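Trainee: I would like to go through this structure with you. May I ask questions as we proceed?
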Amino acid sequence: MISSPPLDRSAFALDPGIAYLNHAAVGVLPIATRDALIGMIDAHARRGVLGVFPNERALPNYRAAIAALIGARGEEIAFLRNTTDGATVVAQGLDLVAGDVVILGRNEFGANVYPWLALRSRGVEIRFIDAPRERLTPEVLARAIDPRTKVVAVSWVSFEDGYRHDLAALAEVTHAHGALFAVDAIQGLGAFPLDVNAQGVDVLYAGGAKWLLALQGVSFLYVRAALLDRVATRLAGWRSPADIWNFLDYDQPWAPDATRYESGTPNILGALSLATSIGLLRAAGIDRIAAHVLALTDRLVEGLRQKDYALLSEREGAVRSGIVTFRPRTGDPLTLGKRLADAGIVTTNRALGIRVAPHGYTTSDEIDTLLSLL
């Protein structure tokens, strides 16, 4: 029996008749977040700089809200535009040279690949693990890593099939070889608990528009405080120095915290959306959301197996996540996905299969409706 959703359905303004099961693509703005954004936009329209300055002044509070979600400190958080920005800041900031190695899975989303591939122009070797055929487990990593390895970069949760990596175990192997552990957290954060210190994460980046239920075009970067000087400020801007209001002092040092990576004026509206939605998620309880999401996806998987659909997601133990990908054993997944969409079931449909991603406000009835339509 699945209990009531930990996120109150009344906190969302979804159109009637829509079963929204697509948070691995774009999440849904909560009403409280929408109202906060409207308030800021209205203040901007009525008062210009006087209207927006209170939100700019609140940026340290927004960073603190993100930090609290992942067990970090506000000084270790920078606002950026997207997940790619975070990976790029780290890849370009590290002093990697010819012969150094970066390890990635071959099934990574491009946001966590292309920033590292750009280092090939320096002679850096990008070493791929042949995932998903061979998952990036601690044992596989131990065989692939060597003294030349400087970075191991991994998505916490795979975007295609929802495989959830064991971050703490991967970090242990990475650190035993003196390498840095970088995590793309966009497909897990907001649905599952994560503590960067307990799990040994050195740098983490994530966009806000999926499970964090924030706007598109805003992300954050976490850099462990001890690594701030190791990740150089390569993409500098007027907000990178220690005193951003001392406009003509070009000789001053960088900011003593992660704001040095923000470069220019951040997306303050996006930062507000992140902080507001995170407040809602934390109030509901991330552990409760995780348990609910796993119960829903377990229910879905059981039904798919009964109906003899091909399951593309691994569902054993701790590798489970909020993403389930499946396909019919005969027929076209894209055609089936379109028929589901016509019936009000919102998923992601690709040639690989149909990806389902419920959240903490999704009901078991919506999962059952999907199964009955199949």
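Mentor: We shall discuss some helices, some backbone angles and a few residue pairs. Please keep in mind that this is a predicted model.

Trainee: Let us begin with helix 3. How many residues has it, and how far does it reach?
Mentor: Helix 3 covers residues 59-70, which is 12 residues. From its first C-alpha to its last it reaches 17 Å, close to the 16 Å expected at 1.5 Å a residue.

Trainee: Which residues of helix 3 are buried?
Mentor: The buried residues in helix 3 are Leu59, Tyr62, Arg63, Ile66, Ala67, Leu69 and Ile70. Seen down the helix axis, they fall within an arc of 155 degrees, so they line one face of helix 3.

Trainee: Why do residues three or four places apart point the same way in an α-helix?
Mentor: An α-helix has 3.6 residues a turn, so residues with that spacing point the same way.

Trainee: Which residues other than glycine have a positive phi here?
Mentor: Leu213 and Asp308 are examples: phi is about 60 degrees for Leu213 and near 65 degrees for Asp308. Leu213 is found in the loop between strand 7 (203-207) and strand 8, whereas Asp308 is found in the loop between helix 9 and strand 9 (310-311).

Trainee: Is Leu213 buried or exposed? And how accessible is Asp308?
Mentor: Leu213 counts as buried because its relative accessibility is 0%. Asp308 is partly exposed, with a relative accessible area of 47%.

Trainee: Where is there a cis peptide bond?
Mentor: The peptide bond from Ala131 to Pro132 is cis, with omega near 5 degrees. Pro132 is found in the loop between strand 4 (125-129) and helix 6 (138-144).

Trainee: Let us turn to Pro16. Where does it lie, and is it buried or exposed?
Mentor: Pro16 lies in the segment before strand 1 (19-20). With a relative accessible area of 80%, Pro16 is exposed.

Trainee: How far apart are Pro16 and Gly344?
Mentor: In sequence they are 328 residues apart, while in space they are 9.2 Å apart, C-alpha to C-alpha.

Trainee: And what about Gly51 and Gly110?
Mentor: Gly51 and Gly110 are 59 residues apart in sequence and 38 Å apart in space, again C-alpha to C-alpha.

Trainee: What surrounds Gly51 itself?
Mentor: Gly51 is found in helix 2 and counts as buried at 7% relative accessibility. Leaving aside neighbours within four places in sequence, Gly51 is in contact with Ala43 and His44.

Technical notes: Residues are numbered from 1 along each chain as its sequence is written. This is a predicted model: local features need pLDDT of at least 70, side-chain atom pairs count only at pLDDT 80 or more; totals for chains, interfaces and linings use all residues. Side-chain values use heavy atoms; hydrogens and water are left out. Helices (H or I, at least four residues) and strands (E, at least two) are DSSP runs, numbered from the N terminus. The expected span of a helix is 1.5 Å times one less than its number of residues. Buried means under 20% relative accessible area, exposed over 50%, partly exposed in between (1.4 Å probe, protein chains only). The arc is that of the directions from the helix axis to the C-beta atoms. Contact means heavy atoms within 4.5 Å.
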